[in-house]
Structure formats: structure tokens, C-alpha cells
Amino acid sequence: MSYDLGGFSVTASTSRVMLIIFAVYSVVIVGFGFYIKYQSKKGGKDGLASFLTGGGGLEPLRSP
């Protein structure tokens, strides 16, 4: 069985492989998010604020 997607076709086995890859990718991304959340709680400092400000070491740009 193959699916016509308007210009190319995908077989059933290819469709299963694509679904498996998407599922694994989704699990990895969600797992990475939980890991970052855990690390930011464990660290004491606000991880997101520290990330967005470069650890507080960024200074404003000055024109010459």
C-alpha cells in the first residue's frame, strides 16, 4: 500500500519509519526539557534568566 501525497508517494513501511523517528525525536526533546528544568532547579540560580543574560556578564553596547 502506498499513499499519494501530491507529487510523491510514501509506502506503508516508510510511513511507519517516519512515525517512529518522529516519536523518538519528540521523546528526546521532551526529555531534554525535563533535564534542563531539573538542572535549573538544582543549581539555585534562575537558569532561564541566567541563560538569557549570559550569566549577568553582558554589558550594553556603547557607540564609539
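This is a predicted model: local features need pLDDT of at least 70, side-chain atom pairs count only at pLDDT 80 or more; totals for chains, interfaces and linings use all residues.
Q: What is the mean pLDDT of the protein, and what share of its residues reach 70 or more?
A: The mean is 79, and 69% of the residues get to 70 or more.

Q: What makes up the secondary structure of the protein, and what pattern does it follow along the sequence?
A: There are two helices and two strands, and reading along the sequence gives β-β-α-α.

Q: Why is Ala12 called partly exposed?
A: Ala12, which sits in helix α1, has a relative accessible area of 23%. Buried means under 20% and exposed means over 50%, so Ala12 at 23% falls in between and counts as partly exposed.

Q: Why does Tyr3 count as partly exposed?
A: Its relative accessibility is 38%.

Q: Which residues is Ala12 in contact with, leaving aside its neighbours within four places in sequence?
A: Those are Met1 and Tyr3; contact here takes heavy atoms within 4.5 Å. As for Met1, its C-alpha is 5.9 Å from that of Ala12, with the two residues eleven apart in sequence.

Q: Which residues make the nonpolar surface patch of about 490 Å²?
A: Met1, Tyr3, Leu5 and Phe8 make it.

Q: How much of the protein counts as buried, and how much area does it expose?
A: Of its 64 residues, 2% count as buried. The protein exposes about 6000 Å², with carbon and sulfur atoms supplying 69% of that.

How values were computed:
Residues are numbered from 1 along each chain as its sequence is written. Side-chain values use heavy atoms; hydrogens and water are left out. pLDDT is the predictor's confidence in each residue, from 0 to 100. Helices (H or I, at least four residues) and strands (E, at least two) are DSSP runs, numbered from the N terminus. Buried means under 20% relative accessible area, exposed over 50%, partly exposed in between (1.4 Å probe, protein chains only). Accessible areas come from the Shrake-Rupley method with a 1.4 Å probe; for residues, only the protein chains shown count as cover. Patches are made of residues with over 30% relative accessible area and no salt bridge: like charges are joined within 9 Å, nonpolar side chains (Val, Leu, Ile, Met, Phe, Trp, Tyr) within 5 Å. A salt bridge is a side-chain nitrogen of Lys or Arg within 4 Å of a carboxyl oxygen of Asp or Glu.
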